[in-house]
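Student: Please take a close look at one part of this model, the aromatic side chains and the way they pair. A connected account would be welcome.

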Amino acid sequence: GAVGGSLVYALQKQLQDSHWCDELADAWVKVYQLVVKVMLSAEKSERTFAKAVDALGGIQEGVEMTQAAFVAYAMARGLSAEEANATFEAADENKDGTLQAEEVEKALQLSIQHYVASSNFEEHRQALKGCWPKVLEDKDTVIDNFYNHLFEQNPGVVPLFEGIHMETQKRMLGSILNTLVNGLDDVGAIVPKLQKLGQRHVGYGATPEYYGAVGGSLVYALQKQLQDSHWCDELADAWVKVYQLVVKVMLSAEKSERTFAKAVDALGGIQEGVEMTQAAFVAYAMARGLSAEEANATFEAADENKDGTLQAEEVEKALQLSIQHYVASSNFEEHRQALKGCWPKVLEDKDTVIDNFYNHLFEQNPGVVPLFEGIHMETQKRMLASVLNTLVNGLDDVGAIVPKLQKLGQRHVGYGATPEYYGAVGGSLIHALQTQLSDTWDDQLANAWVSVYGLVVKVMLSAEKSERKFAKAIDTLEGIGQDVEMTRAAFVKYAADRGLPAEEANALFDEADENEDGTLQAHEVLNIVGKFKALRQASSA
């Protein structure tokens, strides 16, 4: 982005007298975007891998890293070339010269073990312990410098500290740093403390990116205190490497907390053993429109076994309760009024708003384009405008529009949409609305649209969950529950994706739909699995 902006600036400066115009500017921007997309497509897996190793999560199937790239990555994080190569070879279980998704966590754990056992770590430990008495001479100033720098350089983290008593927070940080440095003599003993600290930070709303900002400010504050007598490149490197070790341990512990939050948003994919503390849930729910009181009440109602955490089976109940609390809250009433207040302005040029939405969606998210192949776009645009109008006007009685949103969610499974698709749609919707409402757009209106859109997504996803279960049930003959059902349109689309002609799929649906209610329920799924697979084999033969 920065490179592109500077390139366009330089070209405009050279060509401004004779050639430069909006069309030429647009041409350069579009060609540059093409170049960036091609370059990023090649480096994506390397970056995703590196991010996944740092953040201990989020890596997708198909992501891999070569030995040379891994060694460079690991050496930048404290390992010698020999240790990095040994780590790679130990983690590369299938010996194909690359690390795949399932080998990432093993590589991380091995890199931590190798670093702690290395001569580098021993040098770093001694360096930190050697300078620590000097830090303690004026630790209050060090902590003040840390927070001043953090807030000045990273204003995005400031909301994480709202409502926090900063003097208490500063004392806690001083105690943590002291425990860390003194605990380097026995890393195994401080690991559980760091893991608990990582879990708590999810509750505070911290993300993996947050740790980079914290690390930069910590090094700044230490350098300021130690610059006259101790600070040098070797000491800086020691603090950075030990801080990276701390971050890896903290992130390894918070992985299940983040998985829970993602599962609540996506209404699926949560694994057994994943749990969330009350503090983490409250922070999560408050970020999605609930007050602290409502979030605590939601947690306590969903925590059926009263063990102070929410497990996998309690997720859906928590989600449904959070929807109910949000709709009944003063926040929702403010958001409803904000949307209804701006809607007449949107309707003044709704065709342009819808065009801007789809243009932005397709440009920024080319992966969604196949979902619209064979679709008559003018009809699609009219349908979207109608859905948005129904939504805004229906906010006076949410209960009346919930069934419509649920049916919309079910249909979207049939179209091939996944939960991740909703994020792309939301971003493009906000872009189009902001463009139309630029004269009145502000943070409050943006927050209102984002919050209401989040509500819509939750309702749609809650309805489509059974559709996805159905598809999984046919593929795997597992996971069929009483709430599984699938509409005709979704079934025909599902069958077509697996090679079954529409005519055969419709006939099979009619045969299986015993109560003729237009959906297939759990007991009807099992009746057609065998025939479905036989028809698929016959079609592919």
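Tutor: Trp132 is buried, as is Trp239; buried denotes under 20% relative accessible area, exposed over 50% and partly exposed anything in between, with a 1.4 Å probe and protein chains only. The model is a predicted one, in which local features require pLDDT of at least 70 and side-chain atom pairs count only at pLDDT 80 or more, while totals for chains, interfaces and linings draw on all residues. Residue numbers run from 1 along each chain as its sequence is written, and side-chain values use heavy atoms, leaving out hydrogens and water.

Rings of Phe, Tyr and Trp (its six-membered ring) are taken as a pair if their centres lie within 6.5 Å, with planes under 30 degrees apart called stacked, over 60 edge-to-face and the rest tilted. Helices here are DSSP runs (H or I, at least four residues), numbered from the N terminus.

Tyr358 and Phe372 make an edge-to-face pair, at 5.8 Å centre to centre and 80° between the planes. Tyr358 sits in helix 16 (residues 350-364) and Phe372 in the loop between helix 16 and helix 17 (377-394), so parts 14 residues apart in sequence are tied together. Both Tyr358 and Phe372 are buried. Together with Phe357 and Phe362, Tyr358 and Phe372 form one aromatic cluster.

Methods
Helix = DSSP H or I, 4+ residues; strand = E, 2+ residues; numbered from the N terminus.
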